[in-house]
Each structure stands twice: as structure tokens, then as C-alpha cells.
Amino acid sequence: MGAGKTNAKPAQVKREATVTRLQADAEVNIACQDNLKFMRKLDDESMDLVVTSPPYNIGKEYEVRRSQDAYIEEQAACIAEAVRVLTPTGSICWQVGNHVDSGEVFPLDILLYPLFRNHGLQLRNRIVWTFGHGLHCQKRFSGRHETILWFTKSDDYKFNLDDVRIPSKYPNKKHFKGPNKGQLSSNPLGKNPSDVWDIPNVKSNHVEKTEHPCQFPVGLIERLVLALTDEGDSVLDPYLGVGSSAIAALKHDRYAFGCDLDQTYIDIAWDRIHALRAGTLRTRPMNKPVYDPNAKDN
Ligand SMILES: C[S@@+](CC[C@H](N)C(=O)[O-])C[C@H]1O[C@@H](n2cnc3c(N)ncnc32)[C@H](O)[C@@H]1O
């Protein structure tokens with residue numbers, strides 16, 4: 001399968017009843033398929049951003065727990081394909097948490113980092129994603145962050161900082177001395193969002209919640225899509241789940257590619273894409289501040 005902009009093949013989608021609907025959607029190429037099979041049909045250097053969150057090998061309903069060596073081997077194969085399909089100016093973002101075995105924690109970013117370096121990729125940020133909800137641990141501190149390893153293939157990579165700036169804390173602050181005295185000291189477009197992102201994870205009462213147990217908040221991926229790609233670029237998620245990356249890509253006029261082994265998730269992904277097209281999909285705004293229940297008291 002070529003990854004050309006007009007080359008998406010909705011015929012890959014097995015649900016006969018929806019094929020007509022999907023044929024109108026030339027910007028989307030998603031399928032219920034193993035990711036190696038899916039990616040091997042994509043052209044070399046055809047994807048501008050590969051953004052994903054793989055299973056963590058912790059026995060979730062969508063994975064079979066295996067040895068750590070077997071898990072790393074699978075990740076290595078998927079990463080090799082991701083690197084092959086990445087454009088020279090492109091980025092790979094691998095979002096991971098911890099593998100946990102008998103109470104011992106194995107940070108997956110540490111385990112997977114060498115696999116990317118072996119391909120000559122360069123780490124640009126290790127983004128810390130913090131969130132408020134999760135398991136309450138009894139024998140260690142409760143986990144409230146995961147990471148995103150952002151790698152590029154070369155030094156000539158896309159980074160559209162102005163598209164993802166956030167409001168400055170003191171937008172009207174001025175230089176009080178020196179040659180710029182009296183002028184605004186901060187960028188009027190806002191500030192760099194930093195490498196620590198506080199974005200609510202998708203739990204029970206989140207507006208984006210589907211039946212997937214571990215879906216991305218769309219806003220998390222929107223920031224990556226806007227910063228690391230341009231309009232008309234191609235975004236691939238090889239562990240697509242319910243299509244949050246595809247939604248983020250399509251919202252900003254990028255092409256969406258992805259696959260998942262579970263037909264139920266792919267069906268939900270299509271439903272969400274159609275709701276997006278119809279203007280009825282609810283997503284949490286990308287830069288909405290996190291609700292602070294104590295703010296009133298303050
Ligand atoms: C952590 S979830 C990703 C969820 C996704 N980020 C979302 O927003 O819905 C990992 C997904 O990988 C899928 N998966 C596991 N192994 C796969 C494989 N070999 N090929 C394609 N998908 C796979 C699982 O079914 C699961 O939905």
C-alpha cells in the first residue's frame with residue numbers, strides 16, 4: 001500500500017455495511033490487523049509522525065502477558081518498521097508507563113530507549129505526562145505519570161513551537177531595565193508548554209471515555225500532531241485502539257493511518273471518526289486547565 005495522500009484504501013475495512021460511508025473518507029486508512037502486517041504495506045519514508053502507546057505487558061484485556069525478552073523482541077520489530085516508514089524530517093513518539101512484575105517496577109522507556117538509539121534516532125524530549133487518577137498503591141507511591149519518548153530521524157526535523165504555545169503566567173510583564181525596558185518580556189504568542197504535561201487521563205467520567213481501558217486523551221496527541229507535523233502530513237499509530245491518534249490527526253487536517261488487532265476497537269474508532277466529521281464528537285479542549293477542586297477555597 002502506498003502512503004500517498006490520495007492512496008488510502010478503505011476497501012481494507014472488513015465491515016461491508018460501512019464501506020460506502022468510508023469510501024468518502026480518503027484521509028483515513030485504518031484496519032483491524034497486526035501492526036507488522038499493516039506497516040509492511042506502507043512505503044519507506046512515507047509517515048511524518050508515528051505516535052503510539054503499545055501494550056505494557058501487564059496483562060490488560062487486550063494483551064497476553066509474556067516474558068520480558070519476548071516483549072522487547074516484539075517491540076523491536078515494531079520499532080524497526082516505524083523507523084523504516086518515517087520520513088527523514090519525521091518524529092516518533094512512543095508513550096509508555098511501567099511494566100510491573102511481582103511488585104517490581106520496570107520503566108518501559110528505559111528498556112525501550114536503546115532500541116531507538118540502535119537505529120540512530122535522536123531523543124529530543126522525554127515528556128513527562130502527569131495525571132490525577134489511577135490505582136492507589138499500598139506498598140509504593142501511587143503512579144501518576146508516564147512518559148513520551150520523542151525521537152527524530154535527523155537534525156532537520158519539524159517543530160512548530162508557535163502552534164502549541166500556552167498562555168504565559170504573566171503576559172503583561174515588562175522588562176524593567178536595559179535596552180528593552182518597558183517592552184513585554186514574554187512572547188505575546190504564549191510560552192513553550194515545557195516537557196511536563198498535566199493532562200487528565202481518560203477515566204470513567206471523561207468526555208472521551210469509550211470501552212477501551214487505556215485510551216489516549218485526544219489533547220495529548222493534538223499537541224504532538226501540531227508541533228511535529230504540518231497540514232497534509234501523514235500520522236501513523238500502529239497500536240491504534242479506539243483511534244484517538246487518528247482523531248487528533250484529522251482534527252488538524254492531517255492524514256490518519258493505524259491498525260489494531262481488536263475489531264471492536266476499530267469499530268469504535270470509525271464511529272468516533274464519523275462523529276468528528278458530523279461535528280458531534282466531544283473532546284476535551286487541548287489546553288483546558290485541569291479542574292482544581294480546592295480553587296474556590298483559595
Ligand atoms: C495501550 S492500547 C492503545 C490505545 C490507544 N492509544 C487509544 O487511544 O485507544 C494498545 C492497543 O494495542 C493493540 N495491539 C496489541 N498488539 C497489537 C498488534 N500486534 N498489532 C496491532 N495492535 C495491537 C491492543 O488491542 C490495544 O488496543
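## Overall dimensions

What share of the 298 residues of the chain counts as buried? The share is 34%, where a residue is buried if 20 or more other C-beta atoms, placed from the backbone, lie within 10 Å of its own, exposed if 12 or fewer do, and partly exposed in between. The model is a predicted one, in which local features need pLDDT of at least 70 and side-chain atom pairs count only at pLDDT 80 or more, whereas totals for chains, interfaces and linings use all residues. Residue numbers start from 1 along each chain as its sequence is written.

The radius of gyration of the chain is 20 Å, which agrees with the value near 19 Å that a compact globule of 298 residues would have; the radius is taken over C-alpha atoms, and the globule rule is 2.2 Å times the number of residues to the power 0.38. Along the principal axes, the C-alpha atoms fill a box of roughly 65 × 50 × 40 Å. Among contacts with a separation of 6 or more, 67% join residues 24 or more positions apart, a contact being a pair of residues whose C-beta atoms, placed from the backbone, lie within 7 Å.

## The sheet

The chain contains seven helices and ten strands; these are DSSP runs numbered from the N terminus, with helices being H or I of at least four residues and strands E of at least two. Eight strands form an open sheet with mixed pairing, in the order 1-10-9-2-3-7-6-8. Two strands are taken to pair if DSSP finds at least two bridges between them. Strand 1 (28-32) and strand 8 (196-198) are the edge strands, each pairing on one side only. On average, neighbouring strands of this sheet are turned by 15° against each other, direction ignored; axes are lines fitted to C-alpha atoms, for helices over the stretch in contact, and angles run from 0 to 180 degrees between N-to-C directions.

Strand 3 (residues 86-96) and strand 7 (residues 145-152) run antiparallel and are joined by six bridges, and Trp-94 has Leu-149 in strand 7 as its bridge partner. Helix 3 (residues 68-85) packs on the sheet, where it touches strand 2 (47-52), strand 3 and strand 9 (234-237), and its direction makes about 150° with that of strand 3. Helix 4 (residues 108-117) also packs on the sheet, touching strand 3, strand 6 (122-130) and strand 7; its direction makes about 10° with that of strand 7.

## Parallel strands and crossovers

Strand 2 is largely enclosed by the rest of the structure, because six of its six residues are buried. Strand 2 pairs with strand 3 in the parallel sense over five bridges, and the bridge partner of Val-51 in strand 3 is Cys-93.

Strand 9 and strand 10 (residues 255-260) pair in the parallel sense over four bridges, and Ser-234 stands opposite Tyr-255 in strand 10. From strand 9 the chain reaches strand 10 through helix 6 (residues 244-251), again by a right-handed β-α-β crossover.

## Helix 3 and helix 4

Two packed helices are described by the angle between their axes and the distance between the axes. The axes of helix 3 and helix 4 come within 10 Å and cross at roughly 35°. Ile-72, Gln-75, Ala-76 and Ile-79 of helix 3 make the contact with Leu-111, Leu-112, Leu-115 and Phe-116 of helix 4.

## Positive phi in two loops

Asn-57, in the loop between strand 2 and helix 3, has a phi near 60°, a positive value in a residue other than glycine. Asn-57 is buried, with 22 other C-beta atoms within 10 Å. Ser-102 has a positive phi of about 50° although it is not a glycine, and lies in the loop between strand 4 (98-101) and strand 5 (104-107). Ser-102 counts as exposed, because 4 C-beta neighbours lie inside 10 Å.

Technical notes:
Two residues are in contact if their C-beta atoms, placed from the backbone, lie within 7 Å. A crossover is right-handed if, with the strands pointing away from the viewer, the path from the first strand over the helix to the second runs clockwise.
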